[in-house]
Amino acid sequence: MPDPQPWECHLKLPNDPRVLSIARHTIRTALLGYAHTPELTDTAELLTSELVSNSVKHSDGPVTIRLRSRGTAVRIGVMDNHPELPNPLPCTPDQDFGRGLYLVEALADAWGRYPVIPAIPAISHSPAHSWKVVWFELSGTVRE
């Protein structure tokens, strides 16, 4: 079976803890609807939930999710208005928090983060007005 056509979707959500279930449901529905495997879908849903949770916790503006599918690969990016580029925390068994990026690093085929600086010169020099994207990629197969 040839690779499916590339597709993408965007989801802009308010900064509210209730959006986690919306994000998870949207990712699951989109990936299964486009014939990605349940295993890849489960992992994408978990990692998206972790990134959206971090965005809601650490930023004060909207959260945008971009899902792109190219062949059997999926790339999901989460953008928020907190300018700090996060790093995974050391993970210990007794921690109640801080495992999100550890999971992303452990389960994704690739991941990263980068700043998004507005093109408006008057505000582009202020870190308080910078945004960031944290993204991950997963490779898999598609169902026939």
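This is a predicted model: local features need pLDDT of at least 70, side-chain atom pairs count only at pLDDT 80 or more; totals for chains, interfaces and linings use all residues.
The protein comprises 4 helices and 5 strands. Read from the N terminus, these elements follow the order β-α-α-β-β-α-β-α-β. Of the 144 residues in the protein, 36% are buried. The accessible surface amounts to about 8,200 Å², and carbon and sulfur atoms account for 57% of this surface. When contacts between residues at least 6 apart in sequence are considered, 65% of them join residues at least 24 apart.

Helix 3 spans residues 100–107, and its buried residues are Gly 100, Leu 101 and Val 104. Viewed down the axis of helix 3, these buried residues lie within an arc of 90 degrees, so they line one face of the helix. The packing partners of the buried residues of helix 3 are helix 2 (38–58), strand 4 (110–116) and strand 5 (131–139). One of the buried residues, Leu 101, also takes part in the lining of the largest pocket, as described next.

At least two lining residues come from each of helix 2, strand 3 (73–80), helix 3 and strand 5. Helix 2 provides the largest share of this lining, with 7 residues. By class, the lining of the largest pocket consists of 8 nonpolar, 8 polar and 6 charged residues.

The second largest pocket has a volume of about 180 Å³. Its lining is formed by Thr 64, Arg 66, Arg 68, Arg 75, Ile 76, Gly 77, Val 78, Met 79, Tyr 114, Val 133 and Trp 135. Two or more of these residues are given by each of strand 2 (63–70), strand 3 and strand 5. The largest share belongs to strand 3, which supplies 5 residues. In the lining of the second largest pocket, 6 residues are nonpolar, 2 are polar and 3 are charged.

Ser 55 belongs to helix 2. The relative accessible area of Ser 55 is 3%, below the 20% limit, and Ser 55 is therefore buried. Leaving aside residues up to four places away in sequence, Ser 55 is in contact with Asn 15, Val 63, Val 78 and Asp 80. One of these partners, Val 78, is also listed in the lining of the second largest pocket.

Ala 35 is located in the loop that connects helix 1 (19–33) and helix 2. The phi angle of Ala 35 is positive, at about 70 degrees, although the residue is not a glycine. With a relative accessibility of 22%, Ala 35 counts as partly exposed, because this class lies between the limits of 20% for buried and 50% for exposed residues.

Methods:
Residues are numbered from 1 along each chain as its sequence is written. Side-chain values use heavy atoms; hydrogens and water are left out. Buried means under 20% relative accessible area, exposed over 50%, partly exposed in between (1.4 Å probe, protein chains only). The arc is that of the directions from the helix axis to the C-beta atoms. Contact means heavy atoms within 4.5 Å. On a 1 Å grid over the protein atoms alone, a cavity is a set of points where a 1.4 Å probe fits but cannot get out, and a pocket is an open set with protein on both sides within 12 Å along at least five of seven lines; lining residues have an atom within 4 Å of a point. Ala, Val, Leu, Ile, Met, Phe, Trp, Tyr, Cys and Pro count as nonpolar, Asp, Glu, Lys and Arg as charged, and the others, Gly among them, as polar. Grid points are joined across faces, edges and corners, and a volume is the space filled by probe spheres set on the points. Accessible areas come from the Shrake-Rupley method with a 1.4 Å probe; for residues, only the protein chains shown count as cover.
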